[in-house]
Amino acid sequence: MLLHIDEDTIIELAVLVGGENAGKIMKYLLKKPGITDEELSRILQIDIKEIRKILHKLNEQGILHYELAREKDTGHRIFRWYVGQEQVTGFIITNMKKILERLEERLEYEKNHQFYWCETKGCRKLPFEEALDNLFKCPVCGKPLQPVNNEETIKAIELKIDEIKRNLEQISRVKKIEEKPIIKEKSKAAKPKK
Ligand SMILES: [Zn+2]
């Protein structure tokens with residue numbers, strides 16, 4: 001089984017990292033691997049500086065890599081850009097792990113704290129210490145604070161954690177099978193950040 005991260009996910013990822021224009025660039029790069037920054041600028045009608053800024057940002061995150069070539073006549077340097085499926089997978093794994101850590105912290109927090117709430121929409125729930133400081137009155141609307149049953153929240157977080165763990169396991173398993181012998185790379189590919 002090959003892990004296939006669909007194009008929409010990759011485009012969404014680019015938007016997340018570099019904004020709307022990054023999404024447009026990614027969409028085009030998926031169709032035309034090896035396109036240059038100048039071609040992208042011309043086709044998408046986006047300023048070349050902006051294009052380069054976004055390409056480098058995506059490269060820093062390890063989603064794209066480039067090959068450097070020289071124009072025969074002028075010696076002008078050309079950057080050809082590529083999306084690395086392997087790199088995208090790495091990026092997604094790293095981010096899923098971050099989300100997982102945050103959720104686990106949140107779960108601990110929910111389990112170890114009793115919360116109080118005024119039951120007014122838009123007002124936040126306060127942990128015990130803060131509720132006590134406010135003499136069990138909402139600091140926003142002034143209504144009395146009631147203890148909150150957060151079992152539902154805990155259950156929802158636990159479900160989400162399970163789901164991410166399962167996905168991570170699946171991706172890691174597929175990644176191991178897919179890892180190929182090292183092919184000499186011409187390009188400088190940024191390593192995904194840890
Ligand atoms: Zn309130």
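Which residues in H5 are buried? In H5, they are Gln-87, Val-88, Gly-90, Phe-91 and Ile-92, where buried means that 20 or more other C-beta atoms, placed from the backbone, lie within 10 Å of a residue's own.

## Basis of the model

This is a predicted model, in which local features need pLDDT of at least 70 and side-chain atom pairs count only at pLDDT 80 or more, while totals for chains, interfaces and linings use all residues. Residues are numbered from 1 along each chain as its sequence is written.

## Overall make-up

The protein chain contains seven helices and seven strands. Both are DSSP runs numbered from the N terminus: helices are H or I with at least four residues, strands are E with at least two. Starting at the N terminus, the order of elements is α-α-β-α-α-β-β-α-β-β-α-β-α-β.

Of the 194 residues in the protein chain, 17% are buried. Two residues are in contact if their C-beta atoms, placed from the backbone, lie within 7 Å. Among contacts with a separation of 6 or more, 58% are between residues 24 or more positions apart.

## Helix H5

Helix H5 covers residues 85-112, a total of 28 residues. From first C-alpha to last, H5 reaches 41 Å, close to the 40 Å expected at 1.5 Å a residue; the expected span is 1.5 Å times one less than the number of residues.

## The largest nonpolar core

A nonpolar core is a set of buried Ala, Val, Leu, Ile, Met, Phe, Trp, Tyr and Cys residues joined through C-beta atoms within 7 Å. The largest one has 19 residues, and Ala-14, Ile-25, Leu-55, Leu-58 and Ile-63 have the most contacts inside it. Helix H1 (7-18), helix H2 (20-31), helix H4 (48-60), strand S2 (64-70) and H5 each give two or more residues to this core. The core lies between domain 1 (7-83) and domain 2 (88-178), because both give residues to it; the domain bounds come from an automatic or database domain assignment. Apart from this core lies another, of six residues, including Phe-115, Tyr-116, Leu-126 and Leu-145.

Leaving aside neighbours within four places in sequence, Leu-58 is in contact with Ala-14, Val-17, Gly-18, Ala-22, Ile-63 and Leu-64. Ala-22, found in helix H2, counts as buried because it has 24 C-beta neighbours inside 10 Å. With the same exclusion, the contacts of Ala-22 are Ala-14, Val-15, Val-17, Ile-54 and Leu-58. Leu-64 lies in strand S2 and is buried, with 26 other C-beta atoms within 10 Å.

## Strands S1, S2 and S3

Two strands pair if DSSP finds at least two bridges between them. S2 and S3 (residues 77-83) run antiparallel and are joined by seven bridges, with Tyr-66 opposite Trp-81 in S3. Six residues separate the strands of this hairpin, where Gly-75 takes a positive phi near 75°. The C-alpha atoms of Leu-64 and Val-83 are separated by 4.6 Å, although the two are 19 residues apart along the chain.

S3 also runs antiparallel to strand S1 (residues 35-36), with two bridges between them. Here Thr-36 stands opposite Arg-80 in S3.

## The sheet of S4, S5 and S6

Three strands form an open sheet with the order S5-S4-S6 and antiparallel pairing. Strand S5 (126-127) and strand S6 (146-148) stand at the edges with a single partner strand each, so one side of each has no neighbour in the sheet.

Strand S4 (residues 115-117) pairs with S5 over two bridges in the antiparallel sense. The bridge partner of Phe-115 in S5 is Pro-127.

Methods
Buried ≥ 20, exposed ≤ 12 C-beta atoms within 10 Å, placed from the backbone.
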